[in-house]
Amino acid sequence: PVTTFEWMTSAEHLHELAKLVRAEKERLGRKINVVEIGSYVGESAVAMAVTDCCANILCIDNFKGIDKEWQQYIRDMIGGPDTLRKLFKQNTAQFDNIHLIEGLSYRVASEVDLGAIFEPEQKADLVYIDGDHSYDSVKRDIEDWLPKIQEEGIIVGHDYGADRFPG
């Protein structure tokens, strides 16, 4: 069965994510395949990539945000979706194992052939959910990506239990 873990809300999340990736590589005895839902500027993808424990990291983001508050933040603080996308690409450019699909996670889940990005017939070993934090969206991400995870794979999420994201 697939194991699910709750994620932490502390500032140490990148360090803890890197530790988790290292532990998964050790547990499986090989480099792992990761799907990251919600990539922002790529810092989590880079934190995983620098461990040299990931065969592939598939990042999914629409770079626009879902709700009006996040869309305004992207416009006002980042400079808009094009600037956010550019920052992601700059930050991840040195890693050949980071792949980007731009879109909404539920659409990507229904269309993506992970075997074309990973090795043929391979599924994800780890799915990291940090996209739309609403209860319904997180639930949908879990439901949509569960069939695309190895039998003993892991689903983790960022911001679980944070005041802003209680669900």
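View 1. Let's start with Glu143, which is partly exposed at a relative accessible area of 46%; partly exposed lies between buried, under 20% relative accessible area, and exposed, over 50% (1.4 Å probe, protein chains only). Its side chain meets that of Lys139 in a salt bridge (3.6 Å, N to O), the term standing for a side-chain nitrogen of Lys or Arg within 4 Å of a carboxyl oxygen of Asp or Glu. Lys139 is partly exposed too, with a relative accessible area of 40%. Helices (H or I, at least four residues) and strands (E, at least two) are DSSP runs, numbered from the N terminus.

This is a predicted model, in which local features need pLDDT of at least 70 and side-chain atom pairs count only at pLDDT 80 or more, while totals for chains, interfaces and linings use all residues. Residues are numbered from 1 along each chain as its sequence is written, and side-chain values use heavy atoms, with hydrogens and water left out.

View 2. A salt bridge joins Arg140 to Asp144, with 3.4 Å between the closest N and O atoms. Arg140 is partly exposed, at 40% relative accessible area, and Asp144 counts as partly exposed at 24%.

View 3. Asp52 and Lys31 bring their side chains together in a salt bridge (2.9 Å, N to O). This pair links distant parts of the chain, 21 residues apart: Asp52 sits in the loop between helix 2 and strand 3, and Lys31 in the loop between helix 1 and strand 2. Asp52 is partly exposed, at 48% relative accessible area, as is Lys31, at 35%.

**View 4. A salt-bridge network.** Glu24, Arg27 and Glu152 are linked by salt bridges into a network. The structure holds 9 salt bridges.

**View 5. Met48 and the nonpolar cores.** A nonpolar core is a set of buried Ala, Val, Leu, Ile, Met, Phe, Trp, Tyr and Cys residues joined through side-chain atoms within 4.5 Å. In the largest one, with 25 residues, Val34, Met48, Cys54, Ile57, Ile98 and Leu126 touch the most other members. Helix 2 supplies the largest share, 4 residues. Leaving aside residues up to four places away in sequence, Met48 touches Leu17, Val21, Val34, Glu36, Cys54 and Ile57, contact meaning heavy atoms within 4.5 Å. A second, separate core has 16 residues, including Val35, Val108, Trp145 and Ile149.
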